[in-house]
Amino acid sequence: MKEQVVCKTTELEPGEMKAAHFGKQDVLICRTLDGEFYAFLNQCTHQGAPLDKGMICGATTEDSTPGDYHYCRKGEIIRCPWHGREFDIKDEGRMLANPNKRLASFKVRVENEDVIVYK
Amino acid sequence: MGKEHIRIVDTDIHERVQYKDILKYLDEPFKHYIQNCHWVQEKHMPYTQPTVAGVDRADAKIPDGKPAGTDLAFMQKQLLDDIGHEFGILTSALDPSPSSMHGWYEMATALASAYNNWQIEEWLERDERLYGSVHIAAQDRDAAVKEINRVGSHPKMVQVLLPIDDIMWGDPFYHPIFEAAEKHNLMIGMHHNEPPVYYGKWPRYFIEWHTLISTAHMKQVTNMIFNGVFDKFPNLGLMMIEGGFTWVPHIMWKMDQQYRDLRHEVPWLKRKPSDIFKEQIRVTTQPAEELTKQEFMSLIEQMGTDEILCFSTDYPHWDYDSPTRALPNLDLELKKKIFAENAKSFYPKLPNSKEF
Ligand code: FES
């Protein structure tokens with residue numbers, strides 16, 4: 001099994017993300033507000049934008065009705081720096097507008113202060 | 001087929017000037033209004049683009065904090081060199097170009113000249129790949145004609161960017177502008193810049209407005225064709241920028257059908273509307289809907305020609321189209337046409353001699 005330390009836990013505050021390398025692949029390491037780490041391919045499924053240049057944010061949710069926005073999921077959504085597509089970090093990187101599409105993801109575990117990505 | 005095998009002529013790139021940087025190109029008293037009176041153009045759009053960084057790609061911001069599109073070196077690195085552009089056409093209609101100004105004709109006219117000088121000195125003469133658009137303040141038509149005559153013969157100016165106003169472009173009001181453009185081998189470019197897409201008002205949401213930009217393109221094309229502009233100015237070409245392209249077959253069919261029934265009203269049309277379109281109108285591809293190759297080819301077939309579409313990125317805006325990802329993987333000959341040859345055959349001032 002291929003695995004690699006991609007960064008230290010201290011390099012990412014909850015709610016932040018950063019680009020890293022996993023072998024030859026560009027990966028995106030995300031840390032949600034509960035402190036968990038996630039890793040995806042750092043490339044948008046749409047036209048390939050580098051996702052680390054986007055933002056981790058929340059989302060306006062399906063509970064919204066015209067004229068009344070519900071905003072939640074703070075720190076759990078990756079938003080693409082180009083066309084703004086939203087990917088759910090805690091739902092396998094699925095796209096909010098079309099959950100059949102998702103970001104390629106990697107497994108992550110933390111040992112001591114090391115964030116380790118593996119397949 | 002990798003990107004390295006085809007040349008790219010990008011028909012929509014947005015350079016951007018900041019108010020402070022245009023000052024040195026402005027004469028008094030206009031300079032004073034920006035420098036000391038803090039004049040900025042009145043904005044009309046009630047929303048922002050609900051994206052990560054507003055109108056721009058979030059990764060196109062200049063590392064020193066300046067807004068996207070303000071720095072040639074950064075644009076070279078992120079766009080021109082990275083993708084390997086052969087040519088790019090600058091089209092910025094962002095403030096403070098006069099493209100969405102109404103009233104205060106003198107200020108708008110002064111801004112147009114300042115903008116053109118800035119564009120020539122700081123972009124066109126600093127990168128041989130870049131070609132430009134003449135900005136005019138058409139509300140003072142005669143001043144606009146003067147401006148076209150002043151900078152239109154610059155070897156790197158390829159089109160006149162005509163601001164969208166409440167006089168449609170088929171109106172004789174614009175004829176002197178078309179005449180001046182024709183004289184200098186310049187095409188006319190329409191880049192959407194906040195055109196009304198509802199009945200004189202803004203829709204409630206940006207997503208509605210952005211969906212319907214193509215309706216503004218269809219209105220202008222229909223108006224110019226039926227008002228006989230292309231028959232009166234046979235060497236004039238119109239580039240419809242940033243409205244996508246899936247609307248083209250619809251408007252061609254509709255105009256032809258109407259022409260068969262109602263030709264009596266517009267007897268000056270010597271050609272079928274769709275033939276006029278094929279000969280004198282070109283359309284940039286961005287923002288491209290996601291189409292399969294089959295869907296894309298069916299559209300081309302419906303247009304009846306593969307010479308209308310010209311690739312564009314719209315860099316550095318949020319709805320940028322990647323040259324390798326925005327369109328389906330097309331056959332080599334068609335790819336060459338859409339990514340470079342169509343634009344080269346359309347703009348008389350774009351060098352057309354490089355060998356493939
Ligand atoms: S490239 Fe990510 S939304 Fe288009």
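Which residue of chain B forms a salt bridge with A:R85? The partner is B:E290, and the closest N and O atoms of the two residues are 2.9 Å apart. A salt bridge here is a side-chain nitrogen of Lys or Arg within 4 Å of a carboxyl oxygen of Asp or Glu. Side chains of opposite charge can pair when their charged atoms come close.

The structure is a predicted model, in which local features need pLDDT of at least 70 and side-chain atom pairs count only at pLDDT 80 or more, while totals for chains, interfaces and linings use all residues. Residues are numbered from 1 along each chain as its sequence is written, chains are lettered from A and ligands numbered from 1 in the order in which they are written, and side-chain values use heavy atoms, with hydrogens and water left out.

The interface of the two chains comes next. Contact, defined as heavy atoms within 4.5 Å, involves 17 residues from chain B and 18 residues from chain A. The size of an interface is often given as the accessible area lost when the parts come together. Between chain B and chain A, about 1,300 Å² is buried, and carbon and sulfur atoms give 47% of that area; the value is the accessible area (1.4 Å probe) that two parts lose on being put together, summed over both. On the side of chain B, the residues that lose the most area to chain A are B:V52, B:D59 and B:R325, together 41% of what that side buries.

The rule finds one salt bridge across this interface. It also finds nine residue pairs in polar contact there, both residues being at pLDDT 80 or more. A polar contact is a pair of N or O atoms within 3.5 Å; within protein, one must be able to donate a hydrogen and the other to accept it, and residues adjacent in sequence count only if both atoms are side-chain atoms. The side of chain B that touches chain A has seven nonpolar, two polar and eight charged residues, where Ala, Val, Leu, Ile, Met, Phe, Trp, Tyr, Cys and Pro count as nonpolar, Asp, Glu, Lys and Arg as charged, and the others, Gly among them, as polar.

Over all chains, the structure holds 29 salt bridges. One of them joins B:D59 to B:R57, with the closest N and O atoms 2.9 Å apart. B:D59 counts as buried at 10% relative accessibility, and B:R57 counts as buried at 5%. Buried means under 20% relative accessible area, exposed over 50%, and partly exposed in between (1.4 Å probe, protein chains only). B:R7 and B:E86 meet through their side chains in another salt bridge, at 3.8 Å from N to O. This pair links distant parts of the chain, 79 residues apart: B:R7 is in the segment before β1 (9-13) of chain B, and B:E86 is in the loop between α3 and β2 of that chain. Helices (H or I, at least four residues) and strands (E, at least two) are DSSP runs, numbered from the N terminus. B:R7 is partly exposed at 27%, whereas B:E86 is buried at 7%. In chain A, salt bridges link A:E3, A:R109 and A:E111 in a network.

The nonpolar interior can now be considered. In soluble globular proteins, nonpolar side chains tend to be buried together. A nonpolar core is a set of buried Ala, Val, Leu, Ile, Met, Phe, Trp, Tyr and Cys residues joined through side-chain atoms within 4.5 Å. The largest such core has 110 residues, of which A:I78, B:W169, B:F178 and B:F277 touch the most other members. Helix α4 (residues 105-124) of chain B gives this core its largest share, ten residues. Apart from it lies another core of 14 residues, including B:M187 and B:F346. Not counting residues up to four places away in sequence, A:I78 touches A:R85 and A:F87, among others.

Several backbone features remain. Cis peptide bonds join B:E28 to B:P29, with omega about 5 degrees, and B:D95 to B:P96, with omega about 0 degrees. B:P29 is in the loop between α1 (19-22) and α2 (30-35) of chain B. A:E92 is not a glycine but has a positive phi of about 55 degrees, and A:E92 is partly exposed at 43%.
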